[in-house]
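Hi there,

Here is the structure I promised to pass on. Please have a look at it first, and then read my notes below.

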Amino acid sequence: MVPALEIRVSINSDQDIVTARHRGRTLAAELGFSAGDATLIATAISELARNIVTYARKGLITLRAIQGSSRQGITVVASDDGPGIPDIRQAMRDGFSTSGSLGLGLPGVRRLMDDFEISSQPGQGTTVAVKKWKP
Amino acid sequence: MVFVVDLTGYPAMSMLQLDGVRKEENRPMAKRESPAKDLGTGNSPGVDLARSEASSELLRELVSHLRQNRTQLREEWVGRISETRLLTAMTKEEIFAEATSVYDSYVEALETETFEALQAYARNLSERIIPRGVETHEVVGIVLLLRDVLARSLFAKYQNDFRKLNRILDSYEPAANRIANTVAVGFVQERERVIRQQQEAIRELSTPVLQVRERLLILPIIGVIDPQRARQLTEQLLRGIRTNRAKVVVIDITGVAAMDVTVANHLVQTVEASRLLGATVIVTGLSPEIAQTLVTIGVDLGKMNTVGDLQGGIEQAERLLGYKVVTLAESHQAS
Amino acid sequence: MEVPILKQGEVLIATFQAALSDADLNQLRSGLIQQVVKLRSRGVIVDVTAMDVMDSFASRTLREIAHMIRLRGAETVIVGIQPEVAFAMVQLGLTLEGVATALDLEEGLAYLTHKFKNID
């Protein structure tokens with residue numbers, strides 16, 4: 001049975017980062033993700049929420065259970081009306097080097113999750129949507 | 001996803017036979033002038049409304065007929081199932097019990113024209129019968145048989161009124177097709193899920209983490225590693241480090257022919273993650289090709305602990321752990 | 001959030017809980033340094049067993065703690081990183097490079113004891 005709920009966490013302060021990842025971990029556990037995968041999801045949420053606090057001051061994390069053709073998953077959407085990312089390709093570079101603590105850590109978030117989508121325009125905010133599927 | 005259902009041998013009503021019946025019905029119709037004839041094109045809303053009301057009424061009539069004759073039809077169906085030797089993995093009692101649930105869900109889906117409950121039931125049923133060895137063609141087969149049994153009973157009931165039979169079949173057919181599809185898809189999806197789980201389990205078994213001494217783990221990797229297996233390997237190793245309180249891990253990749261960039265990164269990540277758990281990693285059996293791949297992705301091989309072969313790696317591990325490596329000759333002299 | 005800091009001889013043991021906010025981590029960092037100076041400790045064990053997520057900020061904080069404590073002439077060991085957390089950390093590229101790590105409290109103490117012997 002797929003819970004048809006949507007969980008929204010407003011991100012205004014660093015305390016909300018903790019809340020968001022806690023809700024994410026709980027939802028992942030409810031959906032039957034392994035402890036390891038739940039940790040990956042919670043870590044991704046933490047980084048995305050952190051970006052919101054650092055660069056946009058405030059935004060929203062939305063968590064939802066999703067149903068694929070033959071498997072279940074979870075989707076996390078981080079959205080804000082912040083300054084936006086001027087050069088997404090630059091932000092997504094870094095390849096496999098170990099510089100996760102610099103910049104936005106977006107390549108790291110991509111590695112943590114299965115699907116990754118980002119849209120951002122300077123002056124128009126940023127939306128990052130990531131998904132993880134249950135094997 | 002494509003699957004072929006071989007229906008040879010199933011005494012199902014063919015579409016040709018149904019067609020023949022309809023052609024029969026049209027001939028007398030052409031001579032008569034009947035208001036029911038313009039069912040084809042609804043020109044005025046009045047006619048449309050009349051038609052949809054008529055068809056829901058037909059559906060109700062159909063459903064009540066199926067309910068009234070439940071016992072008899074279900075028996076007939078179960079008989080046909082054993083005749084065609086389907087569900088041999090199940091006992092007669094089990095087949096009867098499942099047949100009852102399937103029959104009721106079938107009729108309910110016809111009545112409500114919604115399929116969520118049926119879908120949920122199909123998944124549930126599949127979860128139960130897949131471990132028993134029931135296969136896709138059997139599940140599809142029995143649903144088609146039920147469809148057939150019900151269609152024949154409609155024929156029997158309305159044989160004296162071809163026009164009504166035709167209209168009832170018009171209501172019945174699309175719903176019956178959808179039901180068959182829903183059940184089949186539900187079964188196949190469940191099967192795919194089970195297969196994925198089994199593959200995962202097999203992968204787990206085939207990457208052993210060995211404890212050879214206290215605080216020393218060996219992870220021999222053989223063959224081709226894909227990213228999924230590499231990841232599983234890492235998770236198993238980390239758990240093993242924790243469980244065995246290992247301080248040194250020897251990862252032997254002598255048996256690995258080649259490694260692409262993704263897997264090479266996994267190896268590096270494994271080394272780094274092991275360190276976070278306080279364990280030192282020694283990589284043995286590094287071929288020149290793999291060494292090159294590592295250099296390509298920016299690994300400083302000077303910083304990575306590598307030894308030529310597994311034996312050498314184990315010896316170094318023992319030195320790190322404080323074991324003294326004594327040769328046989330020395331030990332003889334001591335005693 | 002109050003984080004307990006235990007003193008065991010010349011070693012301080014700080015046990016981080018789960019759900020520490022950035023503000024909590026900042027407080028912890030300054031609190032720990034103060035205690036190291038005040039008590040003239042030679043070693044610090046930071047136990048993160050209870051931390052179910054280690055993100056970039058937590059990782060950076062730990063590196064800064066280790067760095068500042070080294071400036072005071074003391075050694076830091078991070079212990080108790082969970083297997084799943086370690087895996088997630090390396091995916092993000094957080095390797096705690098330059099910071100000593102050990103499996104648990106027992107190993108951490110063994111490491112520090114060994115270090116003290118070598119320094120003496």
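For what follows, two residues are in contact if their C-beta atoms, placed from the backbone, lie within 7 Å. Please keep in mind that this is a predicted model.

I began with the contact between chain A and chain C. Chain A brings 23 residues to it and chain C brings 20 residues. On the side of chain A that touches chain C, helix H1 (14-30), helix H2 (35-56) and helix H4 (106-112) of chain A each supply at least two residues. The most comes from H2(A), with 9 residues. By residue type, this side of chain A splits into 12 polar, 6 charged and 5 nonpolar.

Then I turned to chain B. There you will find an open sheet of 5 strands with mixed pairing, in the order E1-E2-E3-E4-E5. Strand E1 (210-213) and strand E5 (306-307) of chain B are the edge strands, each pairing on one side only. E1(B) runs antiparallel to strand E2 (residues 216-222) of chain B, and 3 bridges join the pair.

Another is helix H11 (residues 310-321) of chain B, touching E2, E3, strand E4 (280-284) and E5 of chain B. For H11, the direction makes about 175° with that of E3(B).

Note on methods:
Residues numbered from 1 in each chain as written. Chains lettered and ligands numbered in written order. Predicted model: local features only at pLDDT ≥ 70, side-chain atom pairs only at ≥ 80, totals over all residues. Helix = DSSP H or I, 4+ residues; strand = E, 2+ residues; numbered from the N terminus. Nonpolar A, V, L, I, M, F, W, Y, C, P; charged D, E, K, R; others polar. Pairing = 2+ DSSP bridges. Axes fitted to C-alpha atoms, helices over the stretch in contact; angles between N-to-C directions.
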